[in-house]
Amino acid sequence: MKRELKFRVWDKRTNRMFTCGGLLINHGTTAWTYPNTPEETEPLCPTEDRNLILMQFIGLSDKNGKEIYEGDIIACSSHKGNHCLHEIVWNEQKAFGGMGNWNLSNINGHYDWIGEEEYRGNIYETPNLLK
């Protein structure tokens, strides 16, 4: 299975989300993020900067074709037809075969992505959705 690796960056100083054009990993410890827009040609800074939060594309899209990233808030349908909101999180503890995986917050069990999920926002730009 081939999956495209994509990232985006939330800058806490400017309260802006950037699409990450690429990562340069230096000796496995330092990663630099590069914006994916022509007017922003300089590297943002090392990901060790605590003001930058790097989020990975999970390889899935919502029912409208919007790509879903770590930290996104999605609405999923329950078995009763209700929509519930969940954050996309990486979970090392719910690993299968020793590997971590993407999960929905506050679900105590398995969830199958059925393609009817809908992007509603993310925990940085619309944190009030989960309150």
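Predicted model: local features only at pLDDT ≥ 70, side-chain atom pairs only at ≥ 80, totals over all residues.
**View 1. Stacked pair of Trp 10 and Tyr 124.** This is one of two aromatic pairs that the structure holds. The ring centres of Trp 10 and Tyr 124 are 5.6 Å apart and the planes meet at 20°, so the pair is classed as stacked, the limit for that class being under 30 degrees. Tyr 124, with a relative accessibility of 25%, counts as partly exposed.

**View 2. Tilted pair of Phe 57 and Tyr 69.** The centres of the Phe 57 and Tyr 69 rings are 5.6 Å apart; because the planes stand at 50°, the pair is tilted. Phe 57 is part of strand E4 (residues 52–61) and Tyr 69 is part of strand E5 (residues 67–69), so the contact ties together parts that are twelve residues apart in sequence. Both Phe 57 and Tyr 69 are buried.

**View 3. Lys 6 over the face of Phe 57.** Lys 6 is placed at 5.3 Å from the centre of the Phe 57 ring. Phe 57 is also the ring that forms the tilted pair with Tyr 69.

**View 4. Lys 66 over the ring of Tyr 119.** The charged end of Lys 66 is found 4.6 Å from the centre of the Tyr 119 ring, over which it sits.

Conventions:
Residues numbered from 1 in each chain as written. Heavy atoms only, no water. Phe/Tyr/Trp six-rings, centres within 6.5 Å; stacked < 30°, edge-to-face > 60°. Buried < 20%, exposed > 50% of the residue type's maximum accessible area, 1.4 Å probe, protein only. Helix = DSSP H or I, 4+ residues; strand = E, 2+ residues; numbered from the N terminus. Lys NZ or Arg CZ within 6 Å of the ring centre and 35° of its normal.
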